[in-house]
There are 2 protein chains.
Amino acid sequence: MKACLIQSNPVMGDIQTNFNWIKKQIISNDADIYVAPELALIGYPPDDLLFDKEFIKKQELAFSDFQPFLKNKLLIIGGVLLKKKKIFNSAFIISHNNIKHQHKQCLPNYGVFDEKRYFSAGDNQKIISYKSKKILILICEDFWDKDLEKKYQDKKIDFCIVINASPFEINKLNVRINRAKKINKKIKSNLIYLNMVGGQDDVVFDGASFLLNKNNNVSCQLNHFKCQTKLIEESSPEKIIKPLLIEESVLNACILGTKDYIKKNKIKNVFIGLSGGIDSALVAYIASKAINKKNINCIMMRSQYTSKMSIDDAKKLAKSLKVNFIDRNLSSLINQINLNLKDDFKNFPTDITEENIQARIRGLILMAMANKKNGIVLSTSNKSESAVGYSTLYGDMVGAYAPIKDVPKTLIYKISEFINLTDNIIPERIINRPPSAELKPDQTDQDSLPSYEELDKIIELFIDEGQSTDEIVSLGFKSQTVKKIVKLILRSEFKRRQSPPGPKITRKAFGRERRFPITNNYLG
Amino acid sequence: MKACLIQSNPVMGDIQTNFNWIKKQIISNDADIYVAPELALIGYPPDDLLFDKEFIKKQELAFSDFQPFLKNKLLIIGGVLLKKKKIFNSAFIISHNNIKHQHKQCLPNYGVFDEKRYFSAGDNQKIISYKSKKILILICEDFWDKDLEKKYQDKKIDFCIVINASPFEINKLNVRINRAKKINKKIKSNLIYLNMVGGQDDVVFDGASFLLNKNNNVSCQLNHFKCQTKLIEESSPEKIIKPLLIEESVLNACILGTKDYIKKNKIKNVFIGLSGGIDSALVAYIASKAINKKNINCIMMRSQYTSKMSIDDAKKLAKSLKVNFIDRNLSSLINQINLNLKDDFKNFPTDITEENIQARIRGLILMAMANKKNGIVLSTSNKSESAVGYSTLYGDMVGAYAPIKDVPKTLIYKISEFINLTDNIIPERIINRPPSAELKPDQTDQDSLPSYEELDKIIELFIDEGQSTDEIVSLGFKSQTVKKIVKLILRSEFKRRQSPPGPKITRKAFGRERRFPITNNYLG
């Protein structure tokens, strides 16, 4: 039996566009069975769009428009079904004269998922028969049900087809393959894991769909982070899959997230504050892979504390990337602002306020340029600074999208080195100099923070792994440091609440995945 | 039997403080049974704080510290119970030598609620016996279970005790009382509805706990929007409750939300941009009821488009409110910014960019003052402008808290008139002049928007009531207007995502209650 895997990239809510793309794949590929992702005509996660009954009905009707193109073939595709005032996250099993449904049994309601807010769970899973093959259809979370393999181990299933909208995170693909192997060891089917691809606000779907054959080996794999349609057969030759390096997969996730935010929101131009530091360098590089270079505007906004090194490096990078470079001196503007506030501030010492003013006038200038020239600002915030609040709200945090929002600083360095291995485009000095916000004389990030190696490790233990202060200290970190970092993390929630979206990369991303009260007196 | 209703205002996560306050009420009131709210030692909604096992354990242990004060009395209080790796939202039923639990059966997972993300549902509801009385204990959503009255109508229940963390919205108290009457018509108990009070980021709990007697009349009611402890008896005389006017209840909700955000986050000073318009006037009034007047700083930030009327009215209001007033002229600063951008903008016509620059330099100045003087900015955004994006991100939207975030403009006018009935403090001209952002010559809000009466009605139908464009048009609104407004609403999600928290007031508040994708091509 020939299967056609349609690894599509839906545009949220754009039923017609999503339909057309899949229809085209069906017409141009001859197969017995076509497989498309979970909620393939809507996109994932649709959130409260699911409360729009007219929208759901339109989507439901669209599925029957596939029928004229199916003749004696079968299409298995994810969609929403409205039935007796309940909605189900379903697989639509479509032939030219019939549409059946298999509802999702397990509704994820953790992490970035809120499916119990919308969907009712299905109450029976049926094995279907097609061309004398027995097929089991699973929808995303169903695949993670612990009782699954036990339930189906003696059922002689020929194909286990799993349709997904599974968001990327570091190492997630291995976790999926390992789970698939565990299931298939018992079920001994041809297991098709079909994933969505594309960026949607806070998440990126990484595709990388695969076929696990009856010998439990990956015999075929689709692109990471790219649309693809591929014909496979049970007899497809086994192929050893080289996994992507972490650096490469995270970079690709950031690029695809940025590209799709720009494309799906029909954005024309992007503006980036290029400081001569590593974060904005990486964001500019990501932009250069996400949108035409002539639409990228990098703005160096000098103050009196900006070093010559920063200006030179920013200029050099912009030149290598072949993007527009604008060099603006904001010193006198900053002086004007300080002058305007002089009377109010006369009895107060210089403090963080003056640093924030510099960050905020930069935000203002960037936003003005983006407003005037029909574009958006890409924020350069990263996970480490967002964790401890080492960033200025309405300053360096401005932006419609934050490509590296969930990337820890140490990984930003590694990715930059990875880029330079092949592309040698980020000036070495940007990577090697001590990181600094350059908001006061001789400032470096480590004046007020531990080393990024230590900081990122503590953040990972506390946020991603949910360990307590005591547990982290018992691993050998200094108690005082851990307590300070944990307090900074909990006290910075008010900033994160007002930050732009960006792609989930780590096991627990701030925002959609980690929902925390701002007002909170529990400090661990 | 004497019951003591403890309508408490917990501080999120502050187990010790919350414990102490309730303990004090127990010690100073002699009763047979004490009743405190849902999650009374934690606060509501704790969100992902609930994943902190140590925190949950600390909270669980604290309940036993009530026992020495209970002798032959009973305390019924809401808390989280960790049992076999599951957590339950429970009523702790505490006597001096025993603690029993009744788990919540119905877990709300809609609107502002996400309880299925955290809790497991209880599987049996028991009637308990105390001093030969039969008592049924319900936790918040259990009270709304449609099958409830049928299940308990023949059980001869003496007391039905409902412990709640039920957020305020317009007219919610009536809905609660009506539901209570419907239940009690069948159950014929003494029904105690005990609610939490206080503000927590996006919601406000309005208290207003009540006793419905066996004749199904409200015989006792506690304060709206205030902590209170009250002794009641079955024989308490019936009392006719005068409901609050909508204007009064919404105003109180905004005041309590603001007060608690300030107090619970230990904030010293607040800064408000006073424009001479109605929104900032109301926010300044709310602040004056929420924090000591000497800690309130109102800043008039003039540009060349600011009318004398605005300056005079702002000054007059600040004087009446007896708050600090700072008058700053930002014209030359705005000119400096425009000058700095002149080369970049030379081939572009003047547009919204120049208006945004004015709004953003105001945001910058306000934030600088708040940073320097250890305070926060209160945002003056309202629901109408937030709906259609008629506000500047990082400009007039800046702030840590937005007291009138969910109040429609037409209601802002009504509340201001209501205030003037007793307090005559908002200059009449602020209420009567046509609203204007004063960002270009002779501008009024109605240059680009329909009348606020029409706008608010369309927003209410589309957002709060979930009606479609067609349904709204069929009610007599112009198709072109409805389509324009709906498109503006869906296109402004990116701004709302970066807005500060503020109290839910309407049936469907943006943010926590209405979760919508930013990237979305479905426009109704």
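Me: In S13(B), which residue is the bridge partner of Phe210(B)?
Reply: Heads up, this is a predicted model, where local features need pLDDT of at least 70, side-chain atom pairs count only at pLDDT 80 or more, and totals for chains, interfaces and linings use all residues. Residues are numbered from 1 along each chain as its sequence is written, with chains lettered from A and ligands numbered from 1 in the order written. Strands S12 (210-212) and S13 (218-221) of chain B pair antiparallel over 3 bridges (pairing takes at least two DSSP bridges; strands are DSSP E runs of at least two residues and helices H or I runs of at least four, numbered from the N terminus). Within S13(B), Phe210(B) is bridged to Gln221(B).

Me: Which element gives the largest share of the side of chain A that touches chain B?
Reply: The two chains meet through 62 residues of chain A and 62 of chain B, contact meaning backbone-placed C-beta atoms within 7 Å. Elements giving two or more residues on chain A's side include H2, H5 and H8. The largest share, 13 residues, belongs to H10(A).

Me: Within what arc do the buried residues of H12(A) fall?
Reply: Buried means 20 or more other C-beta atoms, placed from the backbone, within 10 Å of the residue's own, and in H12(A) that includes Leu411(A), Ile415(A) and Ile419(A). Their cover includes H5 and H14 of chain A. Taking directions from the helix axis to the C-beta atoms, the buried residues line one face of H12(A), because they fall within an arc of 145°.

Note on methods. Buried ≥ 20, exposed ≤ 12 C-beta atoms within 10 Å, placed from the backbone.
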